[in-house]
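Please open the model in a viewer and keep the selection tool at hand. The stops below are given in the order in which they may be selected.

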Amino acid sequence: MNAAPEVVVVGGGIGGLANAYALASAGRSVRVLERAAEFTEVGAGLQMAPNATRVLAEWGLLDEVLAAGVLPRRLVFKDMLDGSELIHLDFDDFTRRYGGPYVVIHRSDLLGILFGACVRAGVELVPSCAVTGVSASSESVVVHAAGDEHRAALAIAADGLRSKLRGKFSADEPVCSGYVAYRGTVPVSELGQDVDSDARTDVVIYIGPGCHLVHYPLRQGEIFNTVAVFSSPAYRGGADEWGGPEELDRAFSDACPTAKAGLRMLWRDRRWPMYDRLPIPQWTRDRLVLSGDAAHPMLQYLAQGACQAIEDAHCLAGEAGKSPDWDVAIRRYEAERTARTAQVQANARIWGDIWHVDGVGRLIRNELFRTLGDRKYTYVDWLYGR
């Protein structure tokens, strides 16, 4: 190990590396502790909205993200049952309207870009280092990991949905939504003619009773990303095992042909149950702070998990730049971020309910979406424009 750093970050995912890079770029010495043997991410695509791409541009990383990702033309919502278009947002005007583009990128590519940026910024990156606890005081902190003690002025808990360090702030547990996600990527060259042609250039979301499906291209249009999400009857019935491939097929049995064609592209040997947590008002205790999913895990309907983690990192580094006193900086960070992320968490749940209505609710939703016109931007201005 090098000399004791000023900041220790627990967790080497997107949120952890974003914090490390932002603080290192501001002149702080940073060490990242990651329990896995490598700094890698599991999953497929990420949607990076303007509230995050503005930060990436400020950090000097947006060009790399654009080179690795795709600039889709539109965000399109379609009805799951009949395949009709309900509403779309044009992305061409997003940079003018919100100060940044809308980009889709493979999760591992974004992590690789942040990892390279951290290396260039002099961040000390420590893999295979499982954290067992933290001892924090009003002036310093000790992170206990792999038989070592890592002393610093500040520790950032960026250890995800099931954060062990969140227990310092709350006794809450992750909340299961009863929904499960399947993901998959295939080369674009392998797509059949029955797959939605709009999804080769757009982010397309089919919304339907108790389920939805998302398509978009990745890696400069070379691969095709699909996510299918559905509510599990087995979970609602109290079963220990739920969300299997048989339930997946039943959930989409009434889907229109183009949506149903997307199921062929999913990995069926793995699935991701969907969890979040309720917002908590306190993210700081002595010299320990929460960030990313450790602070505000959210459901995926607004595609804001990684975006909000990047906002966290930008805010904390900004407050640290304004004040040399860590106590002042982290109090301001907490005050700024807790209200913002609680709003995103709550709205993500609401959007999930809206997407998945059936019967008369579906008819009312579809008519509302079709008649919004330019008013549709008022529903995202609060999120993308800040």
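Select Arg219 to begin, in the loop between strand S14 (211-218) and strand S15 (223-231); helices (H or I, at least four residues) and strands (E, at least two) are DSSP runs, numbered from the N terminus. The phi of Arg219 is positive, near 50 degrees, although the residue is not a glycine. Arg219 counts as partly exposed, at 30% relative accessibility; buried means under 20% relative accessible area, exposed over 50%, and partly exposed in between (1.4 Å probe, protein chains only).

The model is predicted: local features need pLDDT of at least 70, side-chain atom pairs count only at pLDDT 80 or more, and totals for chains, interfaces and linings use all residues. Residues are numbered from 1 along each chain as its sequence is written, and side-chain values use heavy atoms, with hydrogens and water left out.

Ala303 is not a glycine either, yet its phi is positive, at about 55 degrees.

Now select helix H1, residues 14-25. Its twelve residues reach 16 Å from first C-alpha to last, close to the 16 Å expected at 1.5 Å a residue, where the expected span is 1.5 Å times one less than the number of residues. H1 is largely enclosed by the rest of the structure, because eleven of its twelve residues are buried. Among the buried residues are Ile14, Leu17, Asn19 and Tyr21. Just after H1, Gly27 has a positive phi of about 95 degrees.

Display the cysteine sulfur atoms next. Which cysteine sulfur is closest to that of Cys211? It belongs to Cys256, 10 Å away, which is too far for a bond. A disulfide is a pair of cysteine sulfur atoms within 2.5 Å, and the count by this rule is zero. Cys211 is buried at 2% relative accessible area, and Cys256 is buried at 4%.

Finish at the second largest pocket, which holds about 180 Å³ of space. Helix H2 (50-58), helix H9 (305-322) and helix H10 (326-355) each give two or more residues to its lining. A pocket is an open set of points on a 1 Å grid over the protein atoms alone, where a 1.4 Å probe fits, with protein on both sides within 12 Å along at least five of seven lines; lining residues have an atom within 4 Å of a point. The volume is the space filled by probe spheres set on the points, which are joined across faces, edges and corners.
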